[in-house]
Structure formats: structure tokens, C-alpha cells
Amino acid sequence: MFGQGRGGPAGRCRGPDGRGVAGCSGAGPWPEAAGGALLLNIDQGEELYTRAARAEAEHFSELIAGAAGTPGLSVIGSIRSDYYGALQDDRALFPLTKRIDVPPLGREAIEAVIRKPAALLGAEFDIPEIVPMLAEVTSHAAGGLPILRATVTPD
């Protein structure tokens, strides 16, 4: 999603404002020096806009934008379509994006998403009719998969 760019090892443990990056030791070669490549996957990117304070979100975006400029490093991410506007407003990240749209799951695929994990665990539904009902509702709801997850996951 955020591409690959031209940066380098200088300052790799510092953000654009000079603040350190948590968990970055600064030791060791960059992937291209070792002959490899590194892929950074940012899943559930919408949480940048929903869970972080604005200043923290902006700082993280700047760090990711800077990292996307590092040879040997590719950054990809996923974001729910209902948060795409927030990504468009992200001045550091949006200019770097290359979008791949993933179509919503159909009712049959959603039923499989519900049934297969349960089957792998040997679990059965007390009310079998609930699965097609959940799948039908989810297939017609924008952003329905996170709602489905919250419905069927005991956390």
C-alpha cells in the first residue's frame, strides 16, 4: 500500500522530528546489505485513526512514510473502506498509497468464514439457522465483517 522508496539507514531509529522509534535498536545491517528484503505489514490500519490521539497518529504516519522510503523495505497495509476518507486526509501516507480494492465477501463465503473455524474446533451451533441469518445480515452491511467478528468471537 505504501510502496518502496529511496531512504537509507541514516536516522532509521528516529522519526522526522528526531524522536526515537520504540523497539528499534539501530544495530545490524539493512536488509539490502544482507542481500534480503523486508516486508512490513500493517493490518487493521483504520486503528491508526480510531485508537491513537491525533498527534500520535501523525507521528506514526510520518514514521511509516519515512520507512517506506528505505531500499529493501516494502510496506503494505490494509484499511476498511469506511475509513478510506481518514487515509485520504493523512498527509504523510496518502501520497504514497497504491490502492488494491478487495471486494466484499458474498453470503456463501461469509457462511464459510463462520462454519469452517467452528468445524476445525469440533464445535457445533446450538441453533444451526443462525449461520445463514448472520451471513445474510453481514453480506448487506457496510463494514459487516468486524461486526460479525465481535458477534461470534468470545473476547
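Student: How do the residues lining the largest pocket divide into nonpolar, polar and charged?
Tutor: The lining has 18 nonpolar, 11 polar and 10 charged residues. Ala, Val, Leu, Ile, Met, Phe, Trp, Tyr, Cys and Pro count as nonpolar, Asp, Glu, Lys and Arg as charged, and the others, Gly among them, as polar. Bear in mind that this is a predicted model, where local features need pLDDT of at least 70, side-chain atom pairs count only at pLDDT 80 or more, and totals for chains, interfaces and linings use all residues. Residues are numbered from 1 along each chain as its sequence is written, and side-chain values use heavy atoms, leaving out hydrogens and water.

Student: Which element gives the most to that lining?
Tutor: That's α6, with 4 residues. Helices here are DSSP runs of H or I with at least four residues, strands are E runs of at least two, and numbering starts from the N terminus.

Student: Switching to α5: which of its residues are buried?
Tutor: V131, L134, A135 and T138. Buried means under 20% relative accessible area, exposed over 50%, and partly exposed in between, with a 1.4 Å probe and protein chains only.

Student: What's on the other side of α5?
Tutor: M133 and V137 are exposed there.

Student: And what covers the buried residues of α5?
Tutor: The cover includes α4 (107–120) and α6.

Student: How many helices and strands does the protein have?
Tutor: There are 6 helices and 2 strands, in the order β-α-α-β-α-α-α-α along the sequence.

Student: What share of the protein counts as buried?
Tutor: 25% of its 155 residues.

Key
Contact = heavy atoms within 4.5 Å.
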